[in-house]
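The sequence and model come first, followed by notes grouped by topic.

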Amino acid sequence: MENIILTRTKQFTLDCFQFSGGIPKNYLSYHVRDQFVRSASSVSANYRATRRAQSRAAFVAKLSIVIEELDEVQHWLEILVESDIIEASQTSRKLWMEANELLSIFITTRKKMIKKKYLKNLDKTVDEIKELPLHKIDEEVRLLKKAFDIAYKNNIFRLYNFDK
């Protein structure tokens, strides 16, 4: 699957480059085309970089950049059409749809990675709290504070919105 996505992101960038050649050449369209090409080229470059990430956090960070850049490609496609720089075409719709499909894949992947880390931290927290003399927690405030400190250290209080 990884090689398929690598191929798709590279092809998406190449398709965006080819599409940008048909954008009229004037001051306004030059700016929009430049932004479009930059964000499109960043998609495949940053996805490629995820493959060399040295940690889960670095992977998620690079994947987040890919997501932002795909969203930006969609934005510039919409600007191109809505400002009448270009007319909506089968190619512009195809690019927008491919960006949308890639966004779905990457957002789902990022959610799974974050959820996996959260669940791992939750398990670690439960194991550490089990080591406390919990039968004394009502009598000793320091034990309750220690339990909260363990949960805080393991990022359990971060608010994640996981789809069911």
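Asn 26 caps the N-terminal end of H2, with a side-chain oxygen 3.2 Å from the backbone nitrogen of Leu 28. A polar contact here is a pair of N or O atoms within 3.5 Å; within protein, one must be able to donate a hydrogen and the other to accept it, and residues adjacent in sequence count only if both atoms are side-chain atoms. The model is predicted: local features need pLDDT of at least 70, side-chain atom pairs count only at pLDDT 80 or more, and totals for chains, interfaces and linings use all residues. Residues are numbered from 1 along each chain as its sequence is written, and side-chain values use heavy atoms, with hydrogens and water left out.

**Overall make-up**
- The protein has five helices and zero strands; helices (H or I, at least four residues) and strands (E, at least two) are DSSP runs, numbered from the N terminus.
- Of the 164 residues in the protein, 34% are buried; buried means under 20% relative accessible area, exposed over 50%, and partly exposed in between (1.4 Å probe, protein chains only).
- Among contacts (heavy atoms within 4.5 Å) between residues at least 6 apart in sequence, 73% join residues at least 24 apart.

**Helix H2**
- The 24 residues of H2 should span 34 Å at 1.5 Å a residue, and the end C-alpha atoms are 35 Å apart, which agrees; the expected span is 1.5 Å times one less than the number of residues.
- Buried residues of H2 include Arg 33, Phe 36, Asn 46 and Tyr 47.

**Nonpolar core**
- The largest nonpolar core has 26 residues, and Phe 12, Phe 19, Phe 36, Leu 70, Val 73 and Phe 106 have the most contacts inside it; such a core is a set of buried Ala, Val, Leu, Ile, Met, Phe, Trp, Tyr and Cys residues joined through side-chain atoms within 4.5 Å.
- Helices H1 (2-20), H2 (27-50), H3 (56-82) and H4 (90-130) each supply at least two residues of this core, and H3 gives the most, with eight residues.
- Leaving aside neighbours within four places in sequence, Phe 106 is in contact with Ile 5, Thr 9, Tyr 47, Leu 63, Val 66, Ile 67 and Leu 70.

**Helix H5**
- Leu 143, Ala 147, Ile 150 and Ala 151 are buried in H5.
- Seen down the axis of H5, its buried residues fall within an arc of 95°, so they line one face of the helix; the arc is that of the directions from the helix axis to the C-beta atoms.
- The face turned away from the buried side of H5 carries the exposed residues Val 141, Arg 142, Lys 145, Tyr 152 and Lys 153.
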